[in-house]
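Keep the sequence and the 3D view open as you go.

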Amino acid sequence: MVAGGATSEDCVFCRIVRGEFETAFVAESDLAVAFRDLHPQAPTHVLVVPRVHVVALRDLDDDALAAGLLRLATEVARCEGLTEGGGFRVLTNDGPDAGQTVDHLHLHVLGGRPLPAPLA
Ligand code: 5GP
Ligand code: ZN
C-alpha cells in the first residue's frame, strides 16, 4: 500500500474511486467499489477495486479488505444472475507476467458465457 493507505493522485482506479470520471458503480461497500470494465471480455466483466491504493495482490496485507473484495465480487456475480446460471470466474493479475496493466489491485468478475481454460 501507499504509505497511510492514501490514494495515488495519478492512478486511474483511484480517480474512478474518487468519482472523477463519473463511472457508474454496479455495487459498492465501505471497502471497495465495482464497475464495468472499459473493454469487456464477457457479457459480465466487472472490476472490484479497493477504495485504498493497493498496487497488487502481493501488497494486500489487510484481512478484512481481502474478505471484503471477495464478498463484493460474489455480490456482483449474484446481482448479474451468474450464481443462478452457468457460474462465474474471479481473477486478479499480479505483475507483468500475468498481464497486469493497471497498478491498483482489482478483481475481474467474468461470466455470461462459457469461459476458456485460464492457462493458455
Ligand atoms: P489488468 O490487465 O490490469 O488485469 O486489468 C485492467 C483492466 O482495467 C483491463 O481489463 C482494462 O480494460 C480495464 N481498464 C483500464 N482502464 C480503465 C478505465 O479507465 N475504466 C474502466 N472501466 N476500465 C479500465
Ligand atoms: Zn490507485
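**Exercise 1.** Find which element gives the largest share of the lining of the largest pocket.

*Solution.* Start with the ground rules: this is a predicted model, where local features need pLDDT of at least 70, side-chain atom pairs count only at pLDDT 80 or more, and totals for chains, interfaces and linings use all residues. Residues are numbered from 1 along each chain as its sequence is written, and side-chain values use heavy atoms, leaving out hydrogens and water.

Helices (H or I, at least four residues) are DSSP runs, numbered from the N terminus.

**Exercise 2.** Describe the place and surroundings of Ser8.

*Solution.* First, locate Ser8: the residue sits in the segment before helix 1 (12-17). Then list its contacts (heavy atoms within 4.5 Å): leaving out residues up to four places away in sequence, Ser8 touches Cys14, Arg18 and His53. Finally, check a distance: 9.5 Å separates the C-alpha atoms of Ser8 and Val54, which are 46 residues apart along the chain.

**Exercise 3.** Is Cys11 buried or exposed, and which is Cys79?

*Solution.* Buried means under 20% relative accessible area, exposed over 50%, partly exposed in between (1.4 Å probe, protein chains only). At 9%, Cys11 is buried; at 59%, Cys79 is exposed.

Key: Chains are lettered from A and ligands numbered from 1 in the order in which they are written. Helices (H or I, at least four residues) and strands (E, at least two) are DSSP runs, numbered from the N terminus.
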